[in-house]
Amino acid sequence: MANSAIGKIIRFERIYNRKKDAKTTYVMAISYYLGYAISGQRDLLHKANFVLSQANFSADLSLSFLRCFIAYEAENFELLEELLGRLRPRRNAMKSHQPTFFAYYLYFDCLLALTQRKDRAANKHLRNLRDLCAGEQVQGADLLLANLSLTFGDFGAAFAHLHRAYKKGDRSPLFFVCLARTFGEARPGGADGKLLLPLVLWALNTGCYIDGIITQNQHLAENMLRRRPKVAEALYTISPLDWILHIIATSRMINNDISERAFYYYKEAEIRQLYFPQLYDFLLRSAHKNGIEDISGYSLAQFLRTETNIPAELLPFVYHLVLKGALGAHHDEIMARLKPEILRFACECLDNRLYGKYYYSMYKFLMDVHVTDVGAAKVARKYLDMADEIIKNLLFMWEIQIFDPNVKRVLIREDYKKDEVVYEPKDGRLRVNMWSPRAKITCFDESMRNIIESKITTMRLIENADLELCRRLFAQGFHTPELLIFLASHHINAANEQLSHEAIAVFDKVRKIGINRAFARLINAALGNHYARQEDFVKAVAYFKDLDDSAINKNYLEQMLKAYINAKDFAHAARLITRNPYDFADKSLFGALKQMSPQIAGLGVKRGLAAAVANMLVRGWFDADLLNIVLEFYAAPLVKWVDLAKSLSNLGIFEPKLHTKILEIAIQTRNSGKNVQDVFVQMAEKAATAPIIADFAHYLSYEILTNGTIPKQPVVNILEEIYITTGDAILGYALAHIYIGGGGLNTEKSREILAKVLNIAAQDNIIFPIFKEIKDKSLILSYIEKNRPFCHRARAGDDVALHFRIGQKGDFIRIPMRYLAFGLYLCHIPHFYGEEIEFYYSQSRAAGSITTAPAKITNNIAHILEKSGDLYYTINNALLYEQMFKYEQVEEIVTAQLAKKAGIRAKIM
């Protein structure tokens with residue numbers, strides 16, 4: 001949708017939202033409809049319907065018929081029928097007093113009949129409407145009849161009605177919408193074709209898309225546009241069709257137009273591959289007049305082939321384009337023909353002292369041909385000297401144009417030059433020597449306190465000056481700063497190859513002019529690389545050592561390292577490796593590290609260097625001395641150490657110190673992952689007596705008892721061997737947790753060890769909560785069945801106690817808990833069937849005490865031991881019999897116990 005239509009809708013939406021009366025509602029709905037008609041976006045049609053449906057102006061016939069119109073456009077014929085039904089009682093009044101509204105009524109009645117395929121009724125309504133519109137009392141009668149004629153397919157009548165409406169002065173948007181639809185359906189005849197111009201002008205104003213209409217009526221449009229070229233150019237902006245461009249370009253050519261605007265039309269025709277006589281002539285002439293060099297090689301070649309007498313004022317421009325390579329694939333063919341003429345013309349221009357960008361190209365060509373072409377010896381020496389003098393003085397000259405007249409000072413900062421320079425432009429123009437177009441140009445006012453954002457254009461006077469010309473001038477003793485920097489930058493970029501004598505001479509001279517420190521470092525790097533290749537390492541190091549090697553071209557790093565190592569400058573070598581550890585070939589880096597290894601301990605970058613050594617070891621370059629350096633100085637996360645161990649293991653290398661370090665770090669960081677466990681297994685197999693084995697086994701006991709960790713099967717086997725050897729009770733309890741809670745993990749020794757651990761636990765009066773989950777009933781000891789174990793974690797040294805009571809009555813009883821290890825505190829109390837214990841823990845320390853929230857636990861495990869003299873089982877049996885309604889057995893047990901006076905629970909505990 002056109003921007004103008006969008007803007008109108010947005011602006012009027014603000015008005016409508018502030019005041020929603022009948023007038024603004026009508027205009028808002030019409031605006032939405034026109035937006036739909038121009039863009040085709042149906043959501044705008046729905047918005048129009050919504051605005052009208054929200055209006056509470058049922059007596060307003062204008063809004064009522066507008067809603068009928070929107071309903072028809074939206075093809076909501078049911079709504080149209082409903083709206084007409086509401087208006088039907090008022091038709092007689094409209095017929096008598098409001099003929100225009102009655103005409104609207106007949107119009108929509110006719111449309112509704114057509115949608116319902118009631119042809120007779122539709123024709124009747126049409127006749128009635130025509131009779132009503134025969135007079136002058138109906139406003140917009142011709143537009144109504146044109147719309148109906150278009151609907152009936154009578155295009156001739158539609159054009160006739162629209163022509164009459166236009167003659168009567170109808171310029172409404174609805175008129176142009178109807179006109180566009182009519183042109184889209186049929187071609188006009190006779191005078192009706194004149195309506196195309198008003199339609200085009202309306203489309204230009206609104207942005208309506210009329211490509212199809214223009215194409216369908218191309219012959220009519222061509223005649224119209226040739227008489228009105230301005231309209232053609234405006235229409236081309238929204239309908240960029242080739243034949244319209246042809247009309248525009250030929251019209252401008254007829255008027256001998258070579259303006260900048262005309263050039264872009266000729267250029268567009270060139271791009272679209274349109275051809276008409278003299279196109280290339282006008283393209284070249286307009287480009288020359290406006291200083292534009294955007295000419296394709298094909299167009300230039302065609303111009304040179306067809307134009308036998310090129311105007312003298314155009315020749316320098318044409319030859320400049322030829323010499324800068326604009327001909328492309330046609331260059332050799334045409335250049336062979338033009339070469340003598342260009343040389344002759346260049347000499348003629350020198351005789352006449354002609355200067356300018358286009359002439360300089362020819363003078364430079366004259367010099368090049370003299371050097372490379374033997375046949376050019378015919379050129380007089382004086383012309384060569386004249387050209388040489390001009391080119392030397394202007395080789396790096398740039399013309400800068402500044403478009404803001406308020407700019408009084410211009411500051412130019414060039415890459416590689418040390419100082420920035422301030423210039424004063426004259427009439428907005430400035431000529432300065434710059435070696436590169438990458439200069440930073442800043443504009444100021446007279447005081448140089450305010451920066452001015454101005455449009456700036458830069459143009460190099462000798463555009464096609466190349467490297468060979470610069471090298472030739474340097475050899476002749478021409479040593480301007482710009483030339484030296486240009487050549488030095490070239491040699492720096494090629495410094496990964498062997499430097500020539502010329503490059504060294506350039507570097508020697510450029511270091512003596514005003515270059516910045518960064519450029520000086522690049523030169524030093526190139527020279528150092530050169531001498532390192534020649535194995536003059538003392539000189540190479542002299543250039544390398546003061547460089548910021550983190551910012552040096554990566555191609556130099558190998559030679560830098562080689563120079564440092566051979567010059568025994570290990571400090572700089574270490575710094576270089578530390579800053580660029582991944583930019584060296586493995587072989588050269590390994591050799592350097594091996595030579596440096598005796599000195600690493602005394603270097604200030606030993607930690608960073610150790611990282612580079614570790615990377616070499618991981619990549620399979622092993623050396624025992626280097627590994628010792630890593631073990632001493634490398635600071636890395638556990639995963640890096642594990643990767644190193646895996647890499648050495650793949651080489652068949654086992655280093656106890658490395659494995660010990662990994663296990664120590666694992667203990668410190670509390671990491672018992674699978675990779676660490678693999679290291680532990682390997683260590684236990686190859687260095688079983690190492691102290692770290694017992695330490696790590698103790699750490700695994702902590703992980704098992706406190707975090708529920710279940711180690712891998714090989715680790716469990718090692719822990720079993722350690723337990724059998726040492727009898728460590730804590731390790732035994734950890735193994736018991738593995739056997740009971742490890743998903744049914746069984747080994748050859750698991751049952752034997754578990755039985756032993758349970759007996760030790762019974763002797764030490766210790767019960768872990770997990771003991772209650774033992775599946776093998778033959779291993780469950782009586783004291784485990786009778787008691788409820790409690791476990792709490794707290795800091796070692798705290799006074800920790802369990803507070804409990806049976807049920808929810810009575811005071812809490814305090815029982816001190818026993819400290820085992822790893823912050824684990826244990827205790828247990830008898831727990832009868834059906835009893836509910838409410839409990840909490842307390843911790844006391846010098847800084848204060850804390851208690852946990854109360855919790856409850858109930859014994860739901862039924863276990864009857866018929867012939868037991870154990871007091872616990874006697875009472876527990878009575879409780880179970882009571883639940884089973886065996887009251888005789890309960891009475892027998894209770895009677896026997898009443899004779900005893902000791903506290904039952906206290907006695908059991």
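I began with strand β2 (residues 409–413), which pairs with β3 in the antiparallel sense over three bridges. For the record, strands pair if DSSP finds at least two bridges between them. Helices (H or I, at least four residues) and strands (E, at least two) are DSSP runs, numbered from the N terminus.

This is a predicted model, where local features need pLDDT of at least 70 and side-chain atom pairs count only at pLDDT 80 or more, while totals for chains, interfaces and linings use all residues. Residues are numbered from 1 along each chain as its sequence is written, and side-chain values use heavy atoms, with hydrogens and water left out.

Back to the strands. I looked up Leu 411 and found its bridge partner in β3 to be Val 422. The open sheet has three strands in the order β3-β2-β5, paired antiparallel. Its edge strands are β3 (421–423) and β5 (440–444), each pairing on one side only. Neighbouring strands here are turned by 25° against each other on average, direction ignored.

Next, the helix pair. I took α36 (residues 674–686) and α38 (residues 713–726): their axes come within 9 Å and cross at roughly 45°. That makes α36 oblique to α38. Axes are lines fitted to C-alpha atoms, for helices over the stretch in contact, with angles from 0 to 180 degrees between N-to-C directions. Under 35 degrees counts as roughly parallel, over 145 as roughly antiparallel, 65 to 115 as roughly perpendicular, and the rest as oblique.

Who meets whom? From α36 I noted Gln 677, Phe 680, Val 681 and Ala 684, which meet Pro 714, Val 715 and Ile 718 of α38. Contact means heavy atoms within 4.5 Å. The residues of this contact split into six nonpolar, one polar and no charged.

Then Phe 263, which sits in helix α17 (residues 260–271). Is Phe 263 buried or exposed? Phe 263 is buried, with a relative accessible area of 1%; the cut-off for buried is under 20%, for exposed over 50%, with partly exposed in between (1.4 Å probe, protein chains only). Not counting residues up to four places away in sequence, Phe 263 touches Leu 283, Ser 286, Ala 287, Ile 292, Asp 294 and Ile 295.

Last, Asp 142 in helix α9 (residues 141–152). Asp 142 counts as buried too, at 9% relative accessibility. Neighbours within four places in sequence aside, I see Asp 142 in contact with His 161, Arg 164, Ala 165 and Lys 168. Asp 142 and Asp 170 are 28 residues apart in sequence and 9.4 Å apart in space, C-alpha to C-alpha.

Note on methods: Ala, Val, Leu, Ile, Met, Phe, Trp, Tyr, Cys and Pro count as nonpolar, Asp, Glu, Lys and Arg as charged, and the others, Gly among them, as polar.
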